[in-house]
Amino acid sequence: MPRILIAAILVLGTAFALPATAAEFRAGDISVKDPWARASIGTSRPGAAFVGIRNAGAEADRLTGVESPVAGHADLHRTSMVDGVMKMEPSGPVAVPAGGMVMMEPGGYHIMLMKLKTPLEEGTTFPLTLTFERAGAVTVEVSVMGPGAMGGGHGHDSGD
Amino acid sequence: MNPRIMALAVAILAAVVAAGGLAFMFLPVMAPNQQQAASSQGPVIGGPFELVDDTGKAVTDEDFRGDFLLVFFGFTHCPDVCPTTLGEIAATLDRLGPQAGRVQPLFISVDPARDTPAGLREYIKAFDPRIVGLTGTPEQIKAVTKDYGVYYAKADGSDGSGGTSDGTYSVNHSSITYLMGPDGAYLRTFSYGTSPEKMAEAIAAQIAESG
């Protein structure tokens with residue numbers, strides 16, 4: 001076979017081996033998709049990370065813990081609006097129904113990263129470990145978007 | 001009839017007529033005042049304030065006369081709602097194009113203990129330098145939030161009414177954005193989540209109306 005053809009096949013093969021779609025991380029029946037965070041502003045302020053979680057299994061699961069080397073303390077929080085007043089609070093474990101999905105997004109659930117050890121800088125990534133009651137722990141790579149970003153993965157953000 | 005009693009009767013009659021005449025004269029003046037009183041008995045949104053801007057300078061509402069004001073409340077240790085709002089305000093300014101110069105967004109902190117002028121500046125710079133941050137003493141913040149009908153409360157996670165789990169606190173707060181005119185008078189509100197498109201459209205209409 002001509003060398004150029006072999007070279008072309010190798011190059012194309014490599015291209016297809018790289019993830020062509022958004023980031024996805026698996027543990028058991030759980031897959032965590034598109035982990036993203038907003039850039040932090042200074043280190044004295046908390047950061048926020050968001051993930052999509054799909055449970056392909058026949059039994060419900062629960063996200064019970066989060067931790068990351070970039071934060072001294074990480075926890076699940078939820079924003080809610082009651083009578084025009086925005087309130088944020090620790091949410092406790094987040095249930096992921098059998099065959100169902102949970103989308104964390106601004107205005108709803110988020111992973112709050114407190115006591116930041118390093119600023120979260122746009123364009124970088126950092127590791128985050130999510131612990132599920134049944135599926136166990138899964139470590140994901142979080143992409144840092146702009147400070148006002150409304151989505152991660154393959155969308156474009158309104159951060160700037 | 002006794003002439004004295006007659007004179008007295010005439011005097012009383014004259015006094016009554018005079019009093020009636022005076023009352024009649026003042027009546028039209030009283031009515032509009034009463035109307036004004038009635039309309040100002042409803043909630044008046046906005047009004048004078050004394051705060052500190054993000055350069056550390058003491059400012060009052062009068063320093064912003066001549067601009068339309070987009071007033072909203074929040075705090076910088078807020079990772080979810082406030083960045084979303086600041087991003088939307090920035091996007092609204094972008095959509096207004098050259099007319100953005102007539103609109104001054106004001107981000108008023110409901111967390112004066114942590115939000116210093118420098119802290120506000122650092123935070124806002126990440127979104128849009130056209131936004132001005134305002135903070136102040138707890139008393140100054142209490143006064144301005146009262147004038148805008150804004151609810152705010154520290155939440156440290158201890159009583160189920162919100163907060164964080166790391167020993168610090170968040171601040172529950174009203175999420176409305178207020179549009180004030182160049183004369184300082186209240187024009188309208190935008191509820192949380194109103195798109196930048198809708199806000200820019202409504203603001204442009206107000207600018208056009210005012211000439």
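## Strand β7 of chain B

In this predicted model, both faces of β7(B) are covered. S170(B), N172(B) and S174(B) lie on one side of the strand, V171(B) and H173(B) lie on the other, and all of them are buried. The strand spans residues 170–174 of chain B and is mostly covered, with five of its five residues buried.

Two strands are described here as partners of β7(B). Within chain B, strand β6 (residues 152–155) runs antiparallel to β7(B) and is joined to it by four bridges. One pairing in this set places S170(B), in β7(B), as the bridge partner of A155(B).

## Aromatic pairs in chain B

Over all chains, the count of aromatic pairs comes to eight. One of them joins F73(B) and Y178(B): the ring centres are 6.2 Å apart and the planes stand at 90°, so the pair is edge-to-face. An angle over 60 degrees is what places a pair in that class. F73(B) belongs to strand β3 (residues 68–74) of chain B and Y178(B) to strand β8 (residues 177–180) of chain B, so the contact ties together parts that are 105 residues apart in sequence. Both partners fall under the 20% cut-off for burial: F73(B) is buried with a relative accessible area of 5%, and Y178(B) is buried with a value of 3%.

A further pair is formed by F107(B) and Y123(B), which are stacked, with 6.2 Å from centre to centre and 20° between the planes. F107(B) lies in strand β4 (residues 103–109) of chain B, whereas Y123(B) lies in helix α3 (residues 117–125) of chain B, so this pair ties together parts that are 16 residues apart in sequence. F107(B) is buried, at a relative accessible area of 1%, and Y123(B) also counts as buried, at 2% relative accessibility. These two residues belong to one aromatic cluster together with F72(B) and F127(B).

## Charged side chains over Y169(B)

The ring of Y169(B) has the charged ends of two side chains placed over it, those of R114(B) and K154(B). The charged end of R114(B) sits 3.8 Å from the ring centre. For K154(B), the corresponding distance to the centre of the Y169(B) ring is 4.7 Å.

## Chain A: elements and surface

Chain A has one helix and 11 strands. From the N terminus, the order of its elements is α-β-β-β-β-β-β-β-β-β-β-β. Of its 160 residues, 41% count as buried.

A nonpolar patch on the surface is formed by I4(A), L5(A) and I9(A), which together have about 310 Å² of accessible area. Among them, I4(A) lies in helix α1 (residues 3–17) of chain A. I4(A) is exposed, with a relative accessible area of 69%.

Terms used
Residues numbered from 1 in each chain as written. Chains lettered and ligands numbered in written order. Predicted model: local features only at pLDDT ≥ 70, side-chain atom pairs only at ≥ 80, totals over all residues. Heavy atoms only, no water. Buried < 20%, exposed > 50% of the residue type's maximum accessible area, 1.4 Å probe, protein only. Pairing = 2+ DSSP bridges. Phe/Tyr/Trp six-rings, centres within 6.5 Å; stacked < 30°, edge-to-face > 60°. Lys NZ or Arg CZ within 6 Å of the ring centre and 35° of its normal. Patch = residues over 30% accessible without salt bridge, like charges linked within 9 Å, V, L, I, M, F, W, Y side chains within 5 Å. Areas by Shrake-Rupley, 256 points an atom, 1.4 Å probe, with all protein chains shown as cover. Salt bridge = Lys/Arg side-chain N within 4 Å of Asp/Glu carboxyl O.
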